[in-house]
Amino acid sequence: MNTILKNEIMEVLCDFQKGYTERNLHNLDNYTKRLFTNDADVRVIGTSPGEICLGFEKIKQLIEADWKYWGDVSCDLNNPIIVNLDENIAFIALKGSVKLTFKYDEKKINSLKEVINKNIYEELDFDTTTYKELKQKVFLLNWTIAQWCIGYPEKKDHHIPLIITGVLKKQTDKWKFKQMSFSVSSLNVPDYLFFRNSNDSEAKKQLKNFKQNCYGETEEIQILLNSLQNYWNENEFIGTNLFNKIFDNENPLIISPEGNLITHKDKFIDELNCMKDIWNEFNLDIESSAINTENNTGWALTLGTVKTKISSKILLQSLLNKSKTILDNKCNIKQQYITILRHISSVFMIENQGEDFEIPIRVETVFSKKNSWKIKYIQISYGYELIYEHRTKKLNLWGKE
């Protein structure tokens, strides 16, 4: 890689980290101007489903909220992936973490009454609500209390793994972000599955309204995304065929929901096959995609869903195996029991949904064009409404290691 390019990009990444370390709100406006273009198509995707920030002012509001309320963000600046896509376009991906401190907080616990009332009791009519709906609300009540209301007697820090990606453009000799994404790395089923509400449709509405800020060969990119969806849903899915048809063979990158950054072709294909084993159906809201292309490079944000099946037997086996492991660990017995209770509430919540699931996803893609458009990079991630699962040791609900 060009040393000058790497040094210039590293300067931006270090500046990004410095801002999140210092949290200087007086420097917020200048910081945002230094790191992001002031173009109409600039965008940042946060960890929760509703955090799709379109435009400079919305991005500044997100950064301000992060600095005020979020945990300590740390990026692994020693091992970034930097790809020069075009003369003035580059892509970065790096791992990181956010440190959150959990403790029993009576004030926050009281505030959860609003969440409980909204999701369980609001518009609850016992005369018209079915048994199945009542049962679902009971499981949701149990899950919410188990996850949040059984707190730690003392402060406890947790480092939640993050993936940070971005597309940068060089303007007047300065690299700035055109697109950035924060995603939580986890094998667990995202909590947003249980809280799908107006945020789901609101996010799609935002992207549809953003269409006026899309430019370039957007129809060609839509065709490629449609090919990805169609190939995925074929009964005779073969990862090698999918890769050869729509992915760039030269230094491709795939980032999985559990946070694996894979660049080796054979492992890339293995990851496609592994995802197909979990997600038997892959559907994209292509019409609502935010797509931009410049010269031989493009980038897009697309919302969608995956359909999967979680065996109740595997789920219960995983719970019992994990609980035995927790009990065998030499740690505070009270904390062992609390951890198991949290896992039980999650398993009952999942198991009550049935074995078939439709889970919302975000798909970020970068494209390259030689003879035709190909996918250079793809990340598929879940949105998390409430980041709770890393308060305890993870229980792998997929039954996979």
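I call a residue buried under 20% relative accessible area, exposed over 50% and partly exposed in between, using a 1.4 Å probe and protein chains only. The model is predicted, so I take local features only at pLDDT of at least 70 and side-chain atom pairs only at pLDDT 80 or more, while totals for chains, interfaces and linings use all residues. I number residues from 1 along each chain as its sequence is written, and my side-chain values use heavy atoms, without hydrogens and water.

**Entry 1: helix α7**

I took helices (H or I, at least four residues) and strands (E, at least two) as DSSP runs, numbered from the N terminus. I looked up α7, residues 218-232. The expected span of a helix is 1.5 Å times one less than its number of residues. For the 15 residues of α7 that gives 21 Å, and the end C-alpha atoms are 21 Å apart, so the two agree.

Which residues of α7 are buried? I found I221, Q222, L224, L225, L228, Q229 and W232. They sit on the same side of α7 because they cover an arc of only 160° around the axis. I took that arc from the directions from the helix axis to the C-beta atoms. On the other side of α7, I noted E219 and I223 as exposed.

**Entry 2: aromatic pairs**

I paired rings of Phe, Tyr and Trp (its six-membered ring) if their centres lie within 6.5 Å; planes under 30 degrees apart are stacked, over 60 edge-to-face, and the rest tilted. The structure holds 16 aromatic pairs. F139 and F348 have ring centres 6.3 Å apart and planes at 75°, so I logged the pair as edge-to-face. F139 lies in helix α5 and F348 in helix α11 (residues 333-352), so this pair ties together parts that are 209 residues apart in sequence. F139 is buried at 18% relative accessible area, whereas F348 is partly exposed at 38%.

I then checked W232 and W279, whose ring centres are 6.3 Å apart with planes at 35°, so that pair is tilted. W232 belongs to α7 and W279 to strand β10 (residues 279-284), so the pair joins parts 47 residues apart in sequence. Both W232 and W279 are buried. I also found a cluster in which ring pairs link F16, Y20, Y31, W67, W70 and F182.

**Entry 3: Q147**

I placed Q147 in helix α5, residues 131-149. Is Q147 buried or exposed? At 2% relative accessibility, Q147 counts as buried. Its side chain makes a polar contact of 3.0 Å with the side chain of S345. I counted as polar contacts pairs of N or O atoms within 3.5 Å; within protein, one must be able to donate a hydrogen and the other to accept it, and residues adjacent in sequence count only if both atoms are side-chain atoms.

**Entry 4: strands and phi**

I treated two strands as paired if DSSP finds at least two bridges between them. Strand β5 (residues 89-102) and β6 are antiparallel over 14 bridges, and L94 stands opposite I164 in β6. β6 and β7 are also antiparallel, over 10 bridges, with L168 opposite F177 in β7.

Most residues other than glycine have a negative phi. In the hairpin of β6 and β7, with 2 residues between the strands, I saw that T172 has a positive phi near 45°. D173, in the loop between β6 (156-171) and β7 (174-184), has a positive phi near 65°. D173 counts as exposed at 70% relative accessibility.
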